[in-house]
Amino acid sequence: MRTQPSAPVRRRVLVVDDDPTVTEVVAGYLDRSGFAVDRAADGMDALSRAQAEPPDLVVLDLMLPGLDGLQVCRRLREHGPVPVVMLTARGDEEDRILGLEVGADDYVTKPFSPRELVLRVESVLRRAGAPPPGGPLLTGGGITLDPGARTVSDARGSLALTLREFDLLAHFLRHPGHAFSREELMADVWGWDFGDLSTVTVHVRRLRHKVEADPAHPRLITTVWGVGYRFDDNGDGGAGGTGGGVPPAGSGTGGQAGGSDA
């Protein structure tokens, strides 16, 4: 007697939002995309559900009653590296930065396209589940990055980077001296053909705060005006190097590269 092949296991996504309309729409799109969806309307309920049945990913609203999204994200990460996509209000850049700082892998600003959210969920899960890329150590600007072990360090020691920060830094180290537009970085690092370009801006800014000696005057990840960003391997400009010194040519308002505006 021939046995029927077992159905593929559906990846589980926990959607946390106190707006039932948002939850219903998001859950519907995720369900039609092949995910098993669980729902929670507040932070404590989300933590209880995540503990009872650990999700593969959490879609988490930042503004929740009681325990807010930042606190929920911190507590989730205390129990394991579950991927988190944060939902934030448009224009709340400080909230987006805080979300990334506590470990969110990505964020989507409201109002958002449910289809775009599904694509970002799939992208984060794909990267989280992918085997570590091989290859030699990547070095530049006093930084050493191991793609296989997913570790990065400078003269100060190990650096704590989020998933996207690590991938972004690795991309820069693989292409020193090459200027990338935000659209190119979104395609190469995030794997998206469309989306909110401020995602790239915020990640670059956060990465600068972790690798630059003076994030306000970056010498490793520089802004190329009218283009985007470039990694300059000057050997001593990182936070673990000597830093200081005279800013590179063109770092002022009339130059091509340099400056802190992300």
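**Cores and sheet in a predicted model**

Q: What makes H8 a helix that lies across strands, and which strands are they?
A: In this predicted model, H8 lies across S11 and S12 and runs at about 140° to S11. The angle is taken between N-to-C directions on a scale from 0 to 180 degrees, with axes fitted to C-alpha atoms, for helices over the stretch in contact; contact means heavy atoms within 4.5 Å. Helices (H or I, at least four residues) and strands (E, at least two) are DSSP runs numbered from the N terminus. Residues are numbered from 1 along each chain as its sequence is written. Local features need pLDDT of at least 70 and side-chain atom pairs 80 or more, while totals for chains, interfaces and linings use all residues, and side-chain values use heavy atoms without hydrogens or water.

Q: How do you know that S10 and S12 pair?
A: Pairing requires at least two DSSP bridges; S10 and S12 have three, in the antiparallel sense, so they count as paired. Phe180 stands opposite Tyr229 in S12.

Q: Why are S10 and S11 called edge strands?
A: The open sheet has the order S10-S12-S11. S10 (179-181) and S11 (221-224) each have a single partner, so one side of each lacks a neighbour in the sheet.

Q: What makes the largest nonpolar core a core, and which residues touch the most other members?
A: Such a core joins buried (under 20% relative accessible area, 1.4 Å probe, protein chains only) Ala, Val, Leu, Ile, Met, Phe, Trp, Tyr and Cys residues through side-chain atoms within 4.5 Å. Here 26 residues qualify, and Leu169, Phe172 and Ile221 touch the most other members. H6 gives the largest share, six residues.

Definitions and conventions. Buried < 20%, exposed > 50% of the residue type's maximum accessible area, 1.4 Å probe, protein only.
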